[in-house]
Amino acid sequence: MSDPSPFTAPTRFDGAPDRVAVVVPGVGYSPARPLLHFAREVLIQHGWTVQELWWRVPDDFSRFTVDDRISWVERQVTRAVDAEAGACRLLVGKSLGSLACGLAADRDIAAAWLTPLLTVGHVARSLRRAEAPTLLVGGSADPQWDARVAESLRHGVLEVPSADHSLELAGDATGSVDVLRQVVARLDQFVGSLRP
């Protein structure tokens with residue numbers, strides 16, 4: 001058997017075997033993008049095993065109903081969580097990944113949702129019933145973020161003024177890096193607060 005390609009990026013980073021975090025992407029926001037890349041680094045620093053979920057949405061995904069999208073995301077995330085045989089204790093998801101927040105609520109899994117789709121009723125309802133520690137991070141310029149919904153929940157919330165759906169500031173690269181620093185610091189605090 002040949003060695004794996006040296007050009008293949010790893011998707012799993014081993015830490016504590018009983019503390020696995022599954023990193024869930026957005027539609028076009030892969031685990032290699034800044035928010036999820038640094039989320040992985042925070043998790044590794046705290047000793048977690050990290051399993052990145054990489055997906056390619058179906059070509060006709062834009063024609064899916066909201067319910068179809070929820071079902072598709074839940075299937076992908078359920079497979080990843082089930083593969084950990086009970087060791088998955090945290091989900092870190094971006095945007096579309098937040099459609100799996102019902103799974104997190106049902107299984108009492110802690111979660112950090114970056115730019116969750118708070119305008120989708122399923123997401124808001126699932127977050128209302130989630131009991132495990134949960135962090136919501138969004139930007140005030142993101143049309144998918146609803147500050148009233150976020151504040152009505154009992155979860156930790158970081159709202160970044162003027163940040164868009166990528167948690168960036170339009171036309172301000174340096175300011176966007178400062179936002180990234182702020183988000184990573186809040187993630188670090190959240191992950192550090194979880195029971196070992």
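Which residue in E4 is the bridge partner of Ala21? In this predicted model, the partner of Ala21 in E4 is Leu90.

Seven strands make up an open sheet with mixed pairing, in the order E1-E3-E2-E4-E5-E6-E7. Its edges are strand E1 (12-13) and strand E7 (156-160), each of which pairs on one side only. Helix H6 (residues 173-193) packs on this sheet, where it touches strand E3 (48-52), E4, strand E5 (110-114), strand E6 (134-139) and E7. The direction of H6 makes about 175 degrees with that of E7.

Now to the aromatic rings. Searching the whole structure gives three aromatic pairs, and ring pairs link Trp55, Phe61, Phe64 and Trp72 into a cluster. Two of the pairs are set out here.

| Pair | Centre to centre | Angle between planes | Geometry |
|---|---|---|---|
| Phe61 and Phe64 | 5.0 Å | 50 degrees | tilted |
| Phe61 and Trp72 | 5.5 Å | 65 degrees | edge-to-face |

Phe61 has a relative accessible area of 5%, so it is buried. Trp72 is also buried, at 8%, whereas Phe64 is partly exposed, with a relative accessible area of 21%.

One more ring deserves a look: the charged end of Lys94 sits over the ring of Tyr29, 5.0 Å from its centre.

Technical notes:
Residues are numbered from 1 along each chain as its sequence is written. This is a predicted model: local features need pLDDT of at least 70, side-chain atom pairs count only at pLDDT 80 or more; totals for chains, interfaces and linings use all residues. Side-chain values use heavy atoms; hydrogens and water are left out. Two strands pair if DSSP finds at least two bridges between them. Helices (H or I, at least four residues) and strands (E, at least two) are DSSP runs, numbered from the N terminus. Contact means heavy atoms within 4.5 Å. Axes are lines fitted to C-alpha atoms, for helices over the stretch in contact, and angles run from 0 to 180 degrees between N-to-C directions. Rings of Phe, Tyr and Trp (its six-membered ring) pair if their centres lie within 6.5 Å; planes under 30 degrees apart count as stacked, over 60 as edge-to-face and the rest as tilted. Buried means under 20% relative accessible area, exposed over 50%, partly exposed in between (1.4 Å probe, protein chains only). A charge sits over a ring if NZ of Lys or CZ of Arg is within 6 Å of the ring centre and within 35 degrees of the ring normal.
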